[in-house]
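Reader: I would like to go through the terms used for this model and see what each rests on. Please set the values against the cut-offs.

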Amino acid sequence: MNENEFAAQVQLLRGGLYRTAYLYLGAEADALDAVDEAVYKGLISCKKLREPQYFATWMTRILINECKNELRRRKRTVSVPELPETAAEEFDALPLKDAVFRLPQDLKEPVILRYFSGLTTKETALALEIPQGTAATRLKRALKLLRLDFLEEDVFDEPK
Amino acid sequence: MNRNEEYDSLLAELEETPLKLDFTLERALLKRREHRRHMQKTVFAPLGTLAAVFAVFVLLVNISPTFAYAAGRLPLLRDLAKFVAFSPSLSEAVDNNYVQPMGLEQTANGITAKVEYVIVDQKQLNIFYTLNSDTYENLMADPDISSADESKLEGFSVISGDPGETNDKLRKITVDFAQGTMPDALTVKLRVKKSRAAEAENTVAPPQESSLESLYFPNDETEPETIAEMSFALKFDPAFTDTGEIITLDHSFVLDGQTLSLDSAEIYPTHMRFVFDDEEDDTSWMTGLEFYVENEKGERFEGISNGISGYGKKDSPMEQQFMLESPFFSESKHLTLYITGATWLDKDMERVHVDLKNKTADALPEGVAFASSEKYYSGWLLKFTATAFDKISCQIWRDGYFDAQGKRYDFNNYSFTSVGSLYQEGSTTEAAKNQFSIWLPLKNYPYDEVWLCPAYSRHVTLDTPVIIEIK
């Protein structure tokens, strides 16, 4: 992918990237920093992306790495702990945004990508480098915890 | 509100993204440019060396044995042809087998560097090389250029836009002589490092404050560690290093009321360049030029947009040399220069006084407004809005600013938005469509007044182009 194509694609994707980073990190400034760093890293390596149809999943993967770096940094300072899957009542008591933020990481990632960033389940699986069936299973577990009542096909088909 | 309604509400809330997000691409481009600029070193030799070279000559290079050798290896040049596809001059050079294969290889610390080809002429050298390692994925190299006996060499610029490529991919170093000519041999030392991006992926950076403060007043980045050093002795075929045509013109002309002279036009395989001079009596310095060259077949040769585009005059704000794509292989009998516009810096605006506290300036470049100045603990952040000449954001301040005692400070960075951003931000005037913003951080600057150096005072688009016959 050349730089002009990268620039055009990133302008379309930046909103989704920001939503992903915001829900992942829970703070606007941190989310903007993560998007900035991901876009910079994407810019300097976009020539390596040979199949432009994977641009969204490729950029999402770079962004998630940035978010993970930020979370690792935070562990040195203050961080809000994840809740275990058994803590159904605690999840119920939280506003949805906070509940998503405190999901176990293996459930939080697919939920953010599938239901807030606009990726399909297949793209979510590609971005997270997990089998599509695993992504679908994690989505179902996450939806149950969040008490979100989506149809079965929402998990497998087009983004909501 | 049930969970699904809460989901819809949260989605709507997340649709509202911060304004700063709109400029994430600009910040990435700026960061990359700063990184590349760091790689570029310019050293000027004393003036006077250029004046000695006023002979007109052309060498018939296609009888050189090196060309025959290059043609024999033609299939191997495919990767090079692909690499230079975005440079019209270098593409023409490859198409015409104007390439000297080098085939030099060295290994150090598990990293192998191969200098595969050079495209060299009387003024410019383009080195094409690869790096390969079983241990590292993304490597970059800082080049040091010296003479054949490794003594200091002067009068050249180096550009190495190498942000970190993958193994075996071609990379390029450009060495260009502003004054003087290409030696028959020189030494290039490569200091190989892990790319900044690769390093960032493997390290956990310390916590950073996320604010305007950290955006415009970042901590100084440390250089990645050198992991291997290789030194290559490059010997050039004289048939290449002698190639070039210098046409002495000494043509005096008036442009927008200022008297200039076009001293010479130089035509090389890698580029064409014009050398201008001005007169002491002129009231303005020329800091930019809009131009093109056309041959008798109607083929146009435009200014270089990706690479070294010109040189300033020593001890003057004047832009003296302008580079453009080369007509060398076009077999042009006649070449004509068309000057369609110019940018000027009035001599009484070399430095302008700016009152930071009261947000006023004694003078500003045409179309520029002083939007804000805010004091931060380590300095000031200034914002200006400017009108673009040609739909693109441009530099409005030259590097360096001064305090009341005349002490010079250098900018660490600055940033600007794309043209039209003010319109997108809500300003509905027609003028806003051609405007952009620029932020200028004055780091570690405690004073309430500063002297800035404008890059220009005004711009003019000519109703009738100035036309100069080159040959």
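Reader: What share of the 471 residues in chain B is buried, and what makes a residue buried?

Author: The model is predicted, and in it buried residues make up 34% of chain B. A residue is called buried because 20 or more other C-beta atoms lie within 10 Å of its own.

Reader: How many helices and strands does chain B have?

Author: Chain B has nine helices and 27 strands. Among its contacts between residues at least 6 apart in sequence, 71% join residues at least 24 apart.

Reader: What is the confidence in chain B?

Author: Its mean pLDDT is 79, and 78% of the residues of chain B reach 70 or more. Over residues 37–75 of chain B the pLDDT is below 50, though this stretch has 53 contacts in the model beyond near neighbours in sequence. Residues 198–215 of chain B also have a pLDDT below 50, with 21 contacts beyond near neighbours in sequence. For the complex, the predictor gives an ipTM of 0.83 and a pTM of 0.60.

Reader: Which helices of chain B supply at least two residues each to the side that touches chain A?

Author: The contact takes 26 residues from chain B and 35 from chain A. On the chain B side, helix 1 (3–15), helix 2 (24–39) and helix 6 (196–202) each supply at least two residues. By class, that side of chain B has twelve nonpolar, seven polar and seven charged residues.

Reader: Why is helix 7 of chain A called roughly perpendicular to helix 8 of chain A?

Author: Helix 7 (residues 121–128) and helix 8 (residues 132–146) of chain A pack at an angle of about 105°, with axes 8 Å apart. Angles of 65 to 115 degrees count as roughly perpendicular, so helix 7 of chain A is roughly perpendicular to helix 8 of chain A. The contact is made by A:Thr121, A:Lys122, A:Thr124, A:Ala125 and A:Leu128 of helix 7 and by A:Gln132, A:Ala135, A:Ala136 and A:Leu139 of helix 8. By class, this contact has five nonpolar, three polar and one charged residues.

Reader: Where do helix 1 and helix 6 of chain A meet, and is their crossing left-handed or right-handed?

Author: The axes of helix 1 (residues 3–25) and helix 6 (residues 105–116) of chain A come within 10 Å and cross at roughly 145°. The crossing of helix 1 of chain A with helix 6 of chain A is right-handed. A:Arg19, A:Thr20, A:Leu23 and A:Tyr24 in helix 1 meet A:Ile112, A:Leu113 and A:Phe116 in helix 6. The residues of this contact divide into five nonpolar, one polar and one charged.

Terms used
Residues are numbered from 1 along each chain as its sequence is written. Chains are lettered from A and ligands numbered from 1 in the order in which they are written. This is a predicted model: local features need pLDDT of at least 70, side-chain atom pairs count only at pLDDT 80 or more; totals for chains, interfaces and linings use all residues. Axes are lines fitted to C-alpha atoms, for helices over the stretch in contact, and angles run from 0 to 180 degrees between N-to-C directions. Helices (H or I, at least four residues) and strands (E, at least two) are DSSP runs, numbered from the N terminus. Angles under 35 degrees count as roughly parallel, over 145 as roughly antiparallel, 65 to 115 as roughly perpendicular and the rest as oblique. Two residues are in contact if their C-beta atoms, placed from the backbone, lie within 7 Å. Ala, Val, Leu, Ile, Met, Phe, Trp, Tyr, Cys and Pro count as nonpolar, Asp, Glu, Lys and Arg as charged, and the others, Gly among them, as polar. pLDDT is the predictor's confidence in each residue, from 0 to 100. A crossing is left-handed if the near helix is turned anticlockwise from the far one by less than a right angle, and right-handed if clockwise. A residue is buried if 20 or more other C-beta atoms lie within 10 Å of its own, exposed if 12 or fewer, and partly exposed in between; C-beta atoms are placed from the backbone.
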